[in-house]
Amino acid sequence: MTIDRRTFLESTLALFGGLGLGACGGGAGGSDATDSDGTTGSGGASDSTGSTPTDGTEGTTDSTGDAPTTTDTGGIDVTPEDIVTVTLTAGTSGALLPWTIGHFFAEGDVPTGTRLSADVDEFQAVVRNRWPDGSVKFAVLSGRCEFTAGTPRVVQIGRVPEGPDPAPAITEAELVAAAPDLTVDLGALGSVSLASALGSPVQQLLSGPVASEWRYRLDVDEQLIVWLFLRLYAGGAVEALVSVENGWLDYAGAINKLARVVVTSKGQTLFDSKSELDIKHHTRIVCTTGHSGKLWQDADPQIVVAHDTAYLQQSGAVPAFLAESTSQELLDGLADKYVPYAQHDLPGNALGGGGDSPSIGWLPKWDAAYAVSAAPRALQAVLVNSFAAGAWSVHIRDAETNAPPTFAAHPDLKLPQSSGDMYGGRAYYSGQYGTDWDISHGWLPGYVAYLVTGDWWHLEELQFFVKWVHFSSDVQSRMGAAGLMVRSLQPRGTAWQIRNRGMAAAITPDDDPERAGYAGAVGASFVWMRGYHTNALGLVIEPDQMYWGDIGGERTWMSDYVVGSVAWVLDLKVIDASQQADADAFMQWMGEGLVQRMSDGTNLEGWHWAYQAYSPVCSELLWPENQQQDAFDANWGVTFERFAGRPNGPDLDDGNIHATNWDSLGFEGMPVKEAFGGDYFEYAMCALAQCVNRQVEGAEAAFARIAGANNFAQCRAALAGDPRWGIAPRSFVKQA
């Protein structure tokens, strides 16, 4: 990934207008893509180098890629086009080694009437999500091609016109014929075998001529379940993910289970926990000793993916980041091998405490590191920490549907039933791992892991955490099944749960009925907040703020979290059209307020951008009257003068970004900032960047002031050690 290094002292238009995503090439390619229960292309046999684009048909593309053609598809003109590359590296050599990855696509890159292609021997693309215009949003890509151990292979992903039906999909009968002998032994609790479940899968997750995948449920007892995810590739390779899960949503009296877990196949031990595990209430583990979670019946090809990070950021799948690299120290400090119930990089008992945690941010540190670098070490941490999230007692699966419970099915359910506590998990299961799930410090579990792998386990992890927060929240506050997230006790809790629900709406497959449930919960929250928040500052507070006692000023940085989260969710276009106008108006109201708080000295009605505060007093009234929407100051200039003891003015424009002075929290003592990290200026900067994406008036110019500061480059360089708090406008990132 490269990021434009030009000076930011140019005009706003010059700064942002010329920084769009660069072209990705122009050769022809081939593909097949159907929705999540369909099959996708394969075949189009080429030599073992994989130099011929594969589209699931034969003879429809120019293998040289030199002469793209335009095809009439009955309404739109489609030009075969390269979109993006991914880099795959195998730990072994072979002619047709199998692989599967997830990939998010920018809106319009794979429009209706086209399908995905790749320059490999065999390829399929199972489309799980589409943008409102019908173009592909997220797909699970599988292939088989030649690898030399340790040598990266660049795979070109492209698009071609729709073609004839692809080759037949691999069937479960073929899986049965492959005889995947798999047994999970749990000592005195008993053992279960795949043989008892073959022919009765709970769900088919992939269907195609290169790879098909099924999910099987094996009940150890009335409480303990083994979930098997079995993927069969063309050629007979079998890949498994084995997960042990304790407890259902409505199972009364659930207890911890002690067991040594051993997985065997064809007389070989694939996993052995070595000692008894304390499998806690409503948690789940993965039977793996590495990071991928996968057990192979035969040899593991050990294929590692590296996505194009500039494309990933530019697509909207993740925020864009200012970091130009990641330090080796950062990568070396991340988790690399999963151990059931180990803390890894997750916050453990510090989750509800004050201060920063690597998990906090629009993306956790490990996910942000991958989004910037796509380094193998970062990928390991992404997967390990997603698996580690299984140790929280939030896994409340519906035994009837075999899925996380829907909003609509349990409108009046409260967990814990007799507590007003809204911090999901506290006082519910005394044996749960670490600490409660603190809504106000909640991270984003499973999301990036699912984006890069397409593995269903990770998608469910995000869904479980979203549903836990919902059912642990007050029934009236959430408006029953509506799923509002507007009273989390702190605005940051609202921000993080809007983000999590928005991401769940973005990546839960379109043909899953609950995808609309996630989207509806987010949209309803936007509509409610649009009606509630009417103050003149664009500042989000909580209706229940009196309960957590910050009775002096307003924590503007928590509101910034809301701004950035709403902007990101809106970029992904997940909410219903009936809610869009209110959502856009709410975003503009917040964004305009933030832009005023990032004013230069010429705006006497604005707060000065370079001097951000922890908790400025925004009203002439005392608490609790100062929490009333009509009691807020008329503009940020009034608030700044109260804070600084003087009006905003041009003489304050010293060209530097200033850091908060913790000794006095005052104005004069704010030193020049030396690095970007977890501080109150960065929170505003990150939210402002996402306002640029939403085209909030004045946001580009405000961000240009930041980027033109004397100490901007020095501060930016520090993000190599932790990129989380350096979000940039997407126009900032260029593809090489």
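1. Asp679 and Lys673. In this predicted model, Asp679 has a relative accessible area of 12%, and it therefore counts as buried, the cut-off being under 20%. Lys673 is buried as well, because its relative accessible area is 4%. The side chains of these two residues, Asp679 and Lys673, meet in a salt bridge, with 3.2 Å from N to O.

2. The chain as a whole. The protein chain has 736 residues, and 62% of them count as buried. Its secondary structure consists of 16 helices and 26 strands. The accessible surface comes to about 24700 Å², and carbon and sulfur atoms contribute 49% of this area.

3. Glu239 and Lys294. The count of salt bridges in the model comes to 31. One of them is formed by the side chains of Glu239 and Lys294, at 3.0 Å from N to O. Glu239 belongs to strand 16 (residues 238-246), while Lys294 is in the loop between strand 21 (284-286) and strand 22 (295-296), so the pair ties together parts that are 55 residues apart in sequence. Both Glu239 and Lys294 are buried.

4. Asp600 and Arg705. Another salt bridge joins the side chains of Asp600 and Arg705, at 4.0 Å from N to O. Asp600 is located in the loop between helix 12 (577-597) and helix 13 (636-644), and Arg705 is in helix 15 (residues 699-707); the pair therefore ties together parts that are 105 residues apart in sequence. Asp600 counts as partly exposed because its relative accessibility is 22%. Arg705, with a relative accessible area of 25%, is likewise partly exposed.

5. A network of charged residues. Which residues are linked in a network of salt bridges? The network comprises Arg215, Glu245, Arg284, Arg397, Glu460 and Glu461.

6. Arg153, a buried residue without a salt bridge. Arg153 lies in strand 10, which covers residues 153-161. Although Arg153 is buried, it has no salt bridge. What does the side chain of Arg153 reach at 2.8 Å? At that distance it meets the backbone oxygen of Glu146.

7. Helix 9. This helix has 17 residues (residues 491-507), and at 1.5 Å a residue it should span 24 Å. The C-alpha atoms at its ends are 25 Å apart, which agrees with that expectation. Helix 9 is mostly covered, with 17 of its 17 residues buried. In general, an α-helix has 3.6 residues a turn, so residues three or four places apart point the same way.

8. Asn500 within helix 9. Asn500 is found in helix 9, and it counts as buried because its relative accessibility is 0%. Asn500 and Gly442 are separated by 58 residues in sequence, yet their C-alpha atoms are 9.0 Å apart in space.

9. His291 is placed in the loop between strand 21 and strand 22. Is His291 buried or partly exposed? Its relative accessibility is 22%, so it counts as partly exposed. Leaving aside residues up to four places away in sequence, His291 touches Asp336, Gln380, Leu383, Val384 and Phe387. His291 and Leu379 are 88 residues apart in sequence, and the distance between their C-alpha atoms is 8.7 Å.

10. Positive phi values. Lys266 is not a glycine, yet its phi is positive, near 50 degrees. Lys266 lies in the loop between strand 18 (262-265) and strand 19 (268-272), and it counts as partly exposed because its relative accessibility is 46%. Ala374, also not a glycine, has a positive phi of about 55 degrees. Ala374 is in the loop between helix 5 (365-373) and helix 6 (376-388). With a relative accessibility of 6%, Ala374 counts as buried.

Technical notes
Residues are numbered from 1 along each chain as its sequence is written. This is a predicted model: local features need pLDDT of at least 70, side-chain atom pairs count only at pLDDT 80 or more; totals for chains, interfaces and linings use all residues. Side-chain values use heavy atoms; hydrogens and water are left out. Helices (H or I, at least four residues) and strands (E, at least two) are DSSP runs, numbered from the N terminus. Buried means under 20% relative accessible area, exposed over 50%, partly exposed in between (1.4 Å probe, protein chains only). Lys and Arg count as positive and Asp and Glu as negative; His and the chain ends are not counted. A polar contact is a pair of N or O atoms within 3.5 Å; within protein, one must be able to donate a hydrogen and the other to accept it, and residues adjacent in sequence count only if both atoms are side-chain atoms. Accessible areas come from the Shrake-Rupley method with a 1.4 Å probe; for residues, only the protein chains shown count as cover. The expected span of a helix is 1.5 Å times one less than its number of residues. Contact means heavy atoms within 4.5 Å.
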